[in-house]
Amino acid sequence: MRPRSLDEVVGQQHLLRPGSPLQVLAAAGEASQGAVSIILWGPPGTGKTTLAQAIAHSSGRRFVELSAVTAGIKDVRTVMERALNDRDLYDIATVLFLDEIHRFTKAQQDALLPGVENGWVTLVAATTENPSFSVISPLLSRSLLLTLEPLQDQDLRTLLTRAIQDPRGLGDTVGIDDDALDALIQLASGDARRALTGLEAAAGSALAGVEGEETPVITAEIVSASIDRALLRYDKNGDQHYDVISAFIKSLRGSDPDAAIHYLARMIEAGEDPRFIARRLMVHAAEDVGMADPQALLIAVAAAEATQLIGLPEARIPLAEATIYIATAPKSNAVISAIDAAIADVKAGRFGLVPIHLRDGHYPGAKRLGHGKGYKYPHNDPRGVSEQQYLPDELVGRRYYEPVSRGHEREIADRLEKIRRITGGI
């Protein structure tokens with residue numbers, strides 16, 4: 001079922017618009033036309049090999065495929081020598097598809113440079129790891145980096161339906177009900193190869209269980225039995241999505257790491273976008289932990305960055321680490337209460353002019369207006385804090401941030417009370 005041309009490719013439409021580098025590279029023509037090397041970066045099963053083969057077949061170029069798992073420098077040089085001869089003697093261009101380029105050493109990647117720079121080959125490299133860390137800079141600078149995304153549910157539905165109907169696939173020898181189709185999409189988690197593998201296994205089970213000429217139908221139960229994996233009822237756009245993420249958030253807030261990890265596992269296994277989970281962790285590190293443990297937000301942000309860099313399945317580890325940290329950290333909602341109260345005052349019109357001693361006094365004419373006059377520089381005070389009004393006159397005495405007596409905010413509360421007494425002249 002691998003597409004034979006770019007027109008058959010499902011998903012990655014952001015890379016396949018008319019005039020895009022991939023479309024130009026796939027266009028038939030002279031050997032030099034569109035000869036820009038490309039690095040395809042994306043999760044497994046998103047079409048990296050498919051795109052490379054479709055480009056070669058659509059353009060009429062010679063296609064050579066190497067895997068960095070098994071190939072070495074000798075193999076690369078052999079390909080380069082033949083590509084140079086084919087170009088000079090027969091005017092035939094070569095597309096070299098190098099799978100898992102991140103597994104090549106620096107020396108092996110260096111061997112690609114002459115062929116790429118001189119146009120002997122058009123390199124199409126694929127990697128599941130961030131090229132910024134796994135591909136040498138000279139090769140990166142000579143190539144165009146294109147990022148592939150996990151396939152959307154509708155893309156997977158199209159892919160599976162085509163595989164059932166197409167003579168190259170199952171050729172309508174089996175049917176499939178909607179629940180089974182949803183189950184295969186859920187289990188695939190954006191991976192086309194996983195979706196087709198699951199369909200093949202389910203179709204084999206369905207065909208084995210039917211006698212006579214009756215067309216078997218793949219059901220959700222057959223999918224579960226053939227893949228030997230329990231089906232997790234989870235609709236990413238429905239009630240299960242909202243219920244599970246709600247339970248996850250409330251478990252974090254309620255300081256139950258076991259429940260939070262359980263709901264995290266359910267979201268991961270259901271194919272929830274890990275970036276969505278990472279975003280929720282960052283929000284709740286700030287909202288529910290806040291200044292009671294400022295480290296929580298740093299860990300949540302680090303987990304989000306790690307998720308972006310390494311992807312699933314490894315991303316489950318930093319996501320779990322951040323989940324446990326946030327769940328077990330002391331809790332305070334003082335930060336969100338402070339900003340919400342301040343925004344409410346501003347929206348209600350409770351604000352006034354900036355005190356004249358706090359206004360900018362650097363632009364021409366500012367001093368003539370008295371801006372900055374009377375400002376007390378805190379560092380000139382031995383305590384590092386000076387008696388001074390900072391809020392507008394209309395809001396003097398208004399308190400937005402009220403730290404709790406838990407975690408790090410216990411120390412903040414003591415220090416803040418002393419500061420407020422000094423600034424208020426008490």
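The structure, a predicted model, holds 18 salt bridges, a salt bridge being a side-chain nitrogen of Lys or Arg within 4 Å of a carboxyl oxygen of Asp or Glu. Local features need pLDDT of at least 70 and side-chain atom pairs count only at pLDDT 80 or more, whereas totals for chains, interfaces and linings use all residues. Residues are numbered from 1 along each chain as its sequence is written, and side-chain values use heavy atoms, with hydrogens and water left out.

Side chains of opposite charge can pair when their charged atoms come close. One of the salt bridges joins R62 and D86, with an N to O distance of 3.6 Å. R62 belongs to strand β2 (residues 62–67) and D86 to helix α3 (residues 73–90), so this pair ties together parts that are 24 residues apart in sequence. Helices (H or I, at least four residues) and strands (E, at least two) are DSSP runs, numbered from the N terminus. D86 is buried, at a relative accessible area of 7%; buried means under 20%, exposed over 50%, and partly exposed in between, with a 1.4 Å probe and protein chains only.

R87 pairs with D88, the closest N and O atoms being 3.1 Å apart, and R87 is partly exposed at 28% relative accessible area. In the salt bridge between D273 and R275, the closest N and O atoms are 3.1 Å apart. D273 is partly exposed, with 26% relative accessibility, and R275 is partly exposed, with 32%. A network of salt bridges links R4, E8, D166 and R168.

On the surface, L89, Y90 and I92 make up a nonpolar patch with about 340 Å² of accessible area together. Patches consist of residues with over 30% relative accessible area and no salt bridge, like charges being joined within 9 Å and nonpolar side chains (Val, Leu, Ile, Met, Phe, Trp, Tyr) within 5 Å. Accessible areas come from the Shrake-Rupley method with a 1.4 Å probe. Y90 is located in helix α3 and is exposed, at 56% relative accessible area.

The count comes to one cavity of 30 Å³ or more. A cavity is a set of points on a 1 Å grid over the protein atoms alone where a 1.4 Å probe fits but cannot get out, and lining residues have an atom within 4 Å of a point. The largest cavity contains about 40 Å³ of space, a volume being the space filled by probe spheres set on the points. Its lining consists of M1, P3, L159, R162, A163 and L196. Helix α8 (residues 153–165) gives the most to this lining, with three residues.

Key: 1 Å grid on protein atoms, 1.4 Å probe; cavity = no way out; pocket = protein on both sides within 12 Å on 5 of 7 lines; lining within 4 Å.
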